[in-house]
Amino acid sequence: MRIEEFKNEIKKILQDKNLAIALSRAISSYRINRAKIMDKFPNTYKLVEEVRRIKEDSVERIQELVETATENMVENGIDVHFAKDAEEGRKIAYKLLSDCNCIVKAKSMTCEEIRLREFLESKGIEVWETDLGEFIVQMLNDKPMHIITPAIHLPRETIVKALNDKMDCVKASNNIQEIVKAVKSYLRNKFFEADAGISGANVVAAETGSMIIIENEGNARLATGLPEKHVAIIGVEKIVPTLSDAIKVAEVTWRFAGYAVPSYLNIISSPSKTGDIEKIIVKGAHGPKDLHVVFLDNGRIKASQDEYLKEALLCLRCGSCMYECPIYQKLSGHWGGEVYTGGIGIAWTAITGGDVSMAFLCLLCSRCAEVCPMKIDSSKILRELRKKILYKK
Amino acid sequence: MTSVKIELQALRIIEKNFYRSGNPLGIKTKSPAEILGISRNECRTILYTGQSYQLMPYVLRILSIIDKFGKLEKLANLFSNLNFSKLIIPKMENRFYSAIRGAANALKNAKIDFGVLLNEPYDGSLYYDLGMDHIVDENEKIIRSEFEKNKVERIITISPHSCYMLKKVYSLDVEVIHIYELISNIKCNKKAVIHDPCILARKLGIVTQLRIFNAVEPENTGKNTLCCGGPIEILFPQLSLQIAKSRGNELISAGLNKIATACPVCLMNFLRAGFDARDILSFFSGDANED
Ligand code: SF4
Ligand code: SF4
C-alpha cells in the first residue's frame, strides 16, 4: 500500500525547504486574491447554492444527461464516443490521433487520469503540454501537484534551472516575466505544427451540446482552435442540463479557483464551419474540421449510486480545498491519489480506481468543506474509505 | 481486520488495548470522581469526560518517547505485553486535569447540579476516526449499559470529541449538552489567544459560546479555524507536530504567547509543539498556575 512507503517519505517532504517556500507563496497569494474577489463579487455565495442544486440534479440524472448531450453534439456535427474506463479512453483517443505526429494539449485532469499524454508518447507521437504549469511539470518529468496550479510545489528558482537545462534554444532568467516569454516562444511553433489539439472541459451543457473551457493563458484557445482536429476527453460528471446552468457552474469554478473573471471563456459547440458561399455549410473554416468528444465514465456512473462517493462527483475542480487543507499545506500533492491530489483527490481515486490508503492521513477537520463552493466534506468520504480498507470491502 | 497491512501494528495495538482496558492506550485512567474528589451522587445529570482529558498526558509522554526513539511500532513491540500505565508516566497532567476541575467549578457557578460516573467509559472517538466501527459498536453498548445502570438522563460533555460521539454517532436515549452551552453566561477576564477546535466550531457549531474570557482572535478563527494536527498524532507523529507548529505560530502571531483552546487533543498537540497552551475550562479551576 502506498501509505507504507509514504510514511518513510514524509520526513523528507517535511524537510524540503523549496517545497515549503513555493507552497507558502502560492497559498498566501491565493488567499489574498480570493478575499479581494469575493469582496467584489459577493453574489458568488448565493450562486454556489444554485450551482450545488444544479450539480446534485445532474449527478442524479447522469446517464440521461450523457444521452442528451451526445444527441445534441452529434446534431452539431461532433463525433461523440463513450469510454467505459481508462483503457478504453486511451484506445479511442489513439484511434483518433494515430495519424498525428505532433499534438498540442491544453490542461486536463481527465487526460491525466487516463495517462493520455504518456500513452500517446509511448506510441511515438510528440505531445506538448501548453499550459505553463503543465509544461513545467512535463519538462521536469514530475506530477501535477495541484489541479489548478500543477507546478505549485516549485519555486521560480527551481523552475528556471530545470527549463534552462531542457530548453536548449531559450534561456530563461529568474524573472517570472522572462520565464513566461521564453516558454511562449518555445511553444509557438508547436501550435502551428500540431496535427491535433487535446483538451478536457470544465463543464458541458447537454441541451446545446456545448463544452466550456475556462482559461487565462490563451493556450487552450490555440490548442483547440488552430489544429485541424480537436479531441476533448470529458468526464461524464461534467454534464449539466442547460447552457445557462453551465455558465453558472463555470462562474463559480473560476471564482473559487481565485479569478475575478478568466481571460478567456471558450464555448465550443461544433467543428469550425462557414456558410459564407451560397449558404452551403463547409466544415473547418479557420478552426478544426474534426471535433471529437470522448465521454469518460471510469467509475463515475457507479459512484453516482454510492452514498458517499456521489458527493465527490459534485466537485468543480476549483482547487480551493487544497490550498486550505492543513495536510496539503505541508505535503502539497504528495498527499492524495496518484493523479488527483489532496483529500478530494483520494475520493476521486476511489471513484476512478487506485490506492486510497492515504485516506489515513486526513485530520477529519472539515476545513475543506468550509472553503468548498459545493460544501463537499472530504472527511466524511475519507472515513468511509478507511472502513473499506480495514474491512476489505 | 487481521489482513490489514496499513500501519499494521499501531492499529492492532490500538484494537487490542480496547479489549484490555476499554481505551486505545490500554491504561487505566483516573476517573473524574478521583480528580474532583467526589463520589457519585444520585444526580441524573452527569459530567462526562469520556477519558479524553485523562488519556492525553499519556499520549504526550508516548509521543515524546517516539520523538526520541523512533516509531511507535518499535515502542509497541517493547510494551505490547506489558502494562502501559505502569511504565508510561503521564506528562503535564495538571494541564488536563485542571480542565476537568474547571468544568466542575464553572457548572457550580452556573448553579447546575451534576454527578459523575465512577466507572466512566471511553468515548470511542479514536476508533470512530480510524473507521474501526466494530469497536465503535461495542463501545456504544458499554456506554449505553453504564448510562442505563446509573439512570442517566442528561450528559454534559467537556471534550468536543465526546460530544460528537454522543450526539452524532451513537444513538443513546439521553440528552447531550456540551458544557459551553451551559456556562456561556459566566465570564472571566483571563486573556489568551483563542484556538477554536475544528469539531466544536464546524461540526457542532459552538463558537461564540467559547468566548467567555478575554479572547484574542487569531487569523483563521471561529468556523474558519485551522486544525492543530492532533488527530493524526499516533499514526503520523512528525507531520502532526509540524502542523501544530504552524498553527501555534499563527496563533501567537496575534500578539500573545498564551493559547487557550477547548479540546484535549488540541491542548496536547500545542503542548507537544512547545507552546504555552491551556484549556479554557482551566481558567475556572482555581489553580494558581492557570492564570
Ligand atoms: S478534513 Fe481532511 S481533507 Fe479536509 S481539510 Fe481536513 S485534513 Fe484536509
Ligand atoms: S472539493 Fe470543492 S473546493 Fe475542492 S476542488 Fe472540488 S469543488 Fe473545489
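Predicted model: local features only at pLDDT ≥ 70, side-chain atom pairs only at ≥ 80, totals over all residues.
The contact between the two chains comes first. Chain A contributes 34 residues to it and chain B contributes 37 residues. Together the chains bury about 3,100 Å². Carbon and sulfur atoms account for 60% of that area. On chain A, A:K7, A:R383 and A:L390 stand out. These residues supply 21% of the area that chain A buries against chain B, more than any other three residues.

Polar and charged pairs also link the chains. There are 15 residue pairs in polar contact across the interface of chain A and chain B, counted where both residues have pLDDT 80 or more. The number of salt bridges between the chains is 2. One salt bridge pairs A:K387 with B:D133. The closest N and O atoms of this pair are 3.1 Å apart.

Several helices build the side of chain A that touches chain B. At least two residues come from each of α1 (2-15), α16 (326-331), α18 (367-371) and α19 (378-390) of chain A. α1(A) provides the largest share, 7 residues. By class, this side of chain A holds 16 nonpolar, 5 polar and 13 charged residues.

Chain A itself is divided. Its domain assignment gives domain 1 as residues 2-41 + 302-391 and domain 2 as residues 45-301. The centres of the two domains of chain A, taken over C-alpha atoms, are 23 Å apart. Their contact draws 45 residues from domain 1 of chain A and 42 residues from domain 2 of chain A. The area buried between these domains is about 3,900 Å². Of this area, 60% lies on carbon and sulfur atoms. A:L316, A:R317 and A:V339 supply 16% of what domain 1 of chain A buries against domain 2 of chain A, more than any other three residues.

The interface of the chain A domains contains 3 salt bridges. A:R52 and A:E311 form a salt bridge, with their closest N and O atoms 2.8 Å apart. Polar contacts across the interface of the chain A domains join 18 residue pairs, both residues at pLDDT 80 or more. On the domain 1 side, α2 (17-40), α13 (300-303), α14 (309-312), α15 (320-323) and α17 (342-352) of chain A each give at least two residues. α2(A) gives the most, with 11 residues. The residues on this side of domain 1 of chain A comprise 24 nonpolar, 12 polar and 9 charged.

Ligand 2 has a shell of chain A residues. A:L316 and A:R317, noted above for their buried area, belong to the surroundings of ligand 2. The run continues with A:C318, A:G319, A:S320 and A:C321, and A:C315 is also present. By class, the shell around ligand 2 has 9 nonpolar, 2 polar and 1 charged.

Chain B is also assigned two domains, domain 1 (3-181) and domain 2 (191-284). Their centres, taken over C-alpha atoms, are separated by 20 Å. Domain 1 of chain B brings 35 residues to the contact, and domain 2 of chain B brings 29 residues. The chain B domains bury about 2,900 Å² between them. Carbon and sulfur atoms make up 76% of that area.

Between the domains of chain B there is 1 salt bridge. B:D276 and B:R95 meet in a salt bridge through their side chains, at 3.1 Å from N to O. There are 6 residue pairs in polar contact between the chain B domains, both residues at pLDDT 80 or more. The domain 1 side draws at least two residues from each of α1 (8-21), α3 (52-69), α6 (93-109), α9 (160-169) and α10 (180-183) of chain B. This side of domain 1 of chain B has 22 nonpolar, 7 polar and 6 charged residues.

Over all chains, the whole structure has 31 salt bridges. Among them is the pair A:R117 and A:E121, whose side chains meet at 3.5 Å from N to O. A:R117 and A:E121 share helix α7 (residues 116-122) of chain A. They lie 4 residues apart there, about one turn of the helix.

Note on methods: Residues numbered from 1 in each chain as written. Chains lettered and ligands numbered in written order. Heavy atoms only, no water. Contact = heavy atoms within 4.5 Å. Buried area = accessible area lost by both parts, 1.4 Å probe. Salt bridge = Lys/Arg side-chain N within 4 Å of Asp/Glu carboxyl O. Polar contact = N/O pair within 3.5 Å; in protein donor to acceptor, adjacent residues only side chain to side chain. Nonpolar A, V, L, I, M, F, W, Y, C, P; charged D, E, K, R; others polar. Domains from an automatic or database assignment. Near = heavy atom within 4 Å.
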